[in-house]
Amino acid sequence: MNSSTRRGRRIRQALDKTAPEGTAARVEIRVEHGHEAGPQVRLLINGKDLLGEDHSTGNHPRDLFETGALLPTDPPRRVALYGCGCGTFGCSALTALISRTGDQITWSDFYDFHAGEYDGPFHEDSTWPDPVHDPDADEDLLPTQMDLPSVTFEADQYLEGVHDATREWSQAYGRRSDWA
């Protein structure tokens with residue numbers, strides 16, 4: 001059993017218990033000030049950091065907030081929610097498609113990308129919204145699909161959480177050019 005499979009099994013058990021598929025979960029977005037990697041975004045589902053337990057490096061707040069990475073687009077795009085626990089974000093990345101249907105926003109189709117394909121929320125080389133299906137993808141670096149249930153949020157609560165976290169970060173640290 002490879003490490004992606006073990007991680008996926010642990011995350012799936014936590015998601016099944018805390019945010020069962022088919023129920024609306026609540027998102028809470030926190031910025032923690034890491035010791036070595038600087039500030040990191042933690043994505044809490046129903047109050048728990050379920051995805052970050054094994055992929056412990058969060059995105060830098062400016063990478064998620066300035067790009068609107070957590071906001072759904074049409075077509076849906078793949079976003080790296082967490083990076084590898086080694087402290088180098090792009091070593092491995094837990095990704096999901098973020099989509100909106102009516103009054104629901106969903107994280108689905110989870111993949112574990114390897115070997116520097118992501119150094120932030122978006123894929124390095126792909127111009128495709130979902131690099132899993134990019135015909136030009138390097139076959140040596142194909143990601144591992146994770147057996148995780150979709151996580152669905154009520155759109156109003158989700159968008160409010162994203163906008164509140166973005167506003168708090170912006171008010172505290174100003175524009176990107178002002179950040180140290």
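Modeller: In this predicted model, a polar atom of the Gln-40 side chain lies 2.8 Å from the backbone nitrogen of Gly-58, and a polar contact here is a pair of N or O atoms within 3.5 Å, of which, within protein, one must be able to donate a hydrogen and the other to accept it, while residues adjacent in sequence count only if both atoms are side-chain atoms. Residues are numbered from 1 along each chain as its sequence is written, local features need pLDDT of at least 70 and side-chain atom pairs pLDDT 80 or more, whereas totals for chains, interfaces and linings use all residues, and side-chain values use heavy atoms, without hydrogens and water. Gln-40 belongs to strand β3 (residues 39–45), strands being DSSP runs of E of at least two residues and helices runs of H or I of at least four, numbered from the N terminus. At 12% relative accessibility Gln-40 is buried, a word that stands for under 20% relative accessible area, with exposed over 50% and partly exposed in between (1.4 Å probe, protein chains only).

Thr-95, in strand β6 (residues 92–101), is buried at 0%, and its side chain makes a polar contact of 3.1 Å with the side chain of Arg-78. Thr-95 is also in contact (heavy atoms within 4.5 Å) with Leu-81, whose other partners beyond four places in sequence include Leu-51, Trp-107 and Phe-110.
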